[in-house]
Amino acid sequence: MGQRFHDFAMDSRLAGVLARNGFERPTAVQAAAIPVLLSGRDAIVEAQTGTGKTLAYLLPVLSRIDAGLKRLQAAVLVPTQELGMQIARQVQALGEEMGIRCAALIGGASLSRQLDRLRERPQVIVGTPGRVLELIHLGKLKLHDVEMVVLDEADHVLSPDHSDKVRMILEKTRRGRQLVFVTATVTPDLTEAAGEWMNDPEDIRIAKDAKLPTSIEHHVIVCESRKKIDTLKKALRAYAPEAAIVFVSDVDKMGLVEAKLNWSGFEAEAIYGDAGKRERSETMRRFREGKCRLLVATDVAARGLDLPQVTHVFHLEPAADEKHYVHRSGRTGRMGREGISVSIVAPSEKFILDKFARRLAISFTPVKLHGGKVLAGQEAESTNKAKPAGKTAVTRDRGREAPRNAEESPRPEQSRESSRRKRGDSEFARKNKGAPRWLKEKWKQENDPES
């Protein structure tokens, strides 16, 4: 029958909460990590995105907390505001029945409100390195009693932007505390930090040969660069996602994409990495509640988001590398659910997806959008067949007849001459309105080179 959460030596109330929410059997990473972390050992946990890494460490953390002690016992460090709030909500949901309190210490949020939460003496904190260190320097946060420290998205928490802050935070914890790194990718910086800060860590690595869940389909739509947003609109209508994330690489384009989608009747909101905590939280709340169906984001803004309702991911611009493609696509198809990742690329960008396919051992299915439907395989190929002779193609933009072949197309010089003559006729009519006939004829002879 397989292992169940009740089989682990953890607080039975946690298994009860999971069962009520439809989770009875652990994923591979949870089955491997939970017993090790319950034993108190340091560990590096590496698993692909969407496999349940958060529960893999939260369940041992909460099981080892003594709710009767009104002091801080565990700390989780995260790279972004959204991931911190997301984990804090999970701690509250799982630990409420056990009487465990959690404080979210997130940069960009109200400092005074967070100080109020600390006065309530929580057993768990979830925070970004900058805000946690700030509170330590203010003398409002002490970590000497902390028994367990987790770095979620550890490869990003230990990036050059945060590494010095993390080092100072760890120096404030006692030597015997448990340290856990959780990541989708083990980097050299992470390995170096583990060697310095960990004591004989257990190396838990799941599905090393698979970078993305097999439940995700990978589609590609090829179009001209200037038609990408129009193609995105058509794709959204054809795929009709319940909820989707649209990824862009340039933060300056987010507002334009958001505005054009809303102008066309789509419910879209952008989540900016530099926006205030309240604004970002409100955007995420509306998205989770279904008040907007589309979330426009960059790789940084969507880091670590767990949004089970997301059925589709759209890449309006290719990811920077295969690692970022994994991160983006992993926002759908989570915990075994099905998902679709759609890349909208220009012909000159197709080689990028070829590279991803080789390195990630995945295949991209070319699709066409025709008649409001998504066509793949032979259906897509049939739309590329030449139209029967004698029929005139009609452009969708203007609805006028297009030339059937190059011989019928006007040459550039002919077009320019035609335009010049039209402008001349217009100017002649404007200047000589109401003039006698002999004056009109004279003006025309002087200005028409063919007369």
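Modeller: A cavity is a set of grid points where a 1.4 Å probe fits but cannot get out. The model here is predicted, and it holds one cavity of 30 Å³ or more.

Biologist: What volume does the largest cavity have, and which residues line the largest cavity?

Modeller: The volume of the largest cavity comes to about 50 Å³. Its lining consists of Val61, Arg64, Ile65, Gln73, Ala74, Glu147 and Met148. By class, four of these lining residues are nonpolar, one is polar and two are charged.

Biologist: Pockets next. How much space lies in the second largest pocket?

Modeller: A pocket is an open set of points, unlike the cavity, from which the probe cannot get out. In this model the second largest pocket holds about 1000 Å³ of space. The pocket is lined by 45 residues, and those closest to its centre are Thr54, Gln86, Gln90, Asp306 and Arg334.

Biologist: Which residues of α3 meet which residues of α4?

Modeller: On the α3 side they are Thr54, Leu55, Tyr57, Leu58, Leu59 and Leu62, and on the α4 side Ile87, Gln90, Val91, Leu94 and Gly95. This contact has eight nonpolar residues, three polar ones and no charged ones. Thr54 and Gln90 take part in this contact and are also among the residues closest to the centre of the second largest pocket.

Biologist: Now helix α5 and helix α6. At roughly how many degrees do their axes cross?

Modeller: The axes of α5 (residues 111-119) and α6 (residues 129-137) cross at roughly 70 degrees and come within 12 Å. Helix α5 is therefore roughly perpendicular to α6. This crossing is right-handed. In α5, the residues Leu111, Gln114, Leu115 and Leu118 meet Arg131, Glu134 and Leu135 in α6. The contact of α5 with α6 contains four nonpolar residues, one polar and two charged.

Biologist: Last, the backbone. Is the phi of Arg121 positive or negative, and where is Arg121 found?

Modeller: Arg121 is not a glycine, yet its phi is positive, at about 60 degrees. The residue sits in the loop between α5 and β4 (124-127).

Biologist: What is the phi of Asp200 near, and in which loop is its place?

Modeller: Asp200, also a residue other than glycine, has a positive phi near 45 degrees. Asp200 belongs to the loop between α9 (188-197) and β7 (202-205).

Methods
Residues numbered from 1 in each chain as written. Predicted model: local features only at pLDDT ≥ 70, side-chain atom pairs only at ≥ 80, totals over all residues. Heavy atoms only, no water. Contact = heavy atoms within 4.5 Å. Helix = DSSP H or I, 4+ residues; strand = E, 2+ residues; numbered from the N terminus. Nonpolar A, V, L, I, M, F, W, Y, C, P; charged D, E, K, R; others polar. 1 Å grid on protein atoms, 1.4 Å probe; cavity = no way out; pocket = protein on both sides within 12 Å on 5 of 7 lines; lining within 4 Å. Points joined across faces, edges and corners; volume = space filled by probe spheres on them. Axes fitted to C-alpha atoms, helices over the stretch in contact; angles between N-to-C directions. Parallel < 35°, antiparallel > 145°, perpendicular 65-115°, else oblique. Left-handed = near helix turned anticlockwise from the far one by under 90°.
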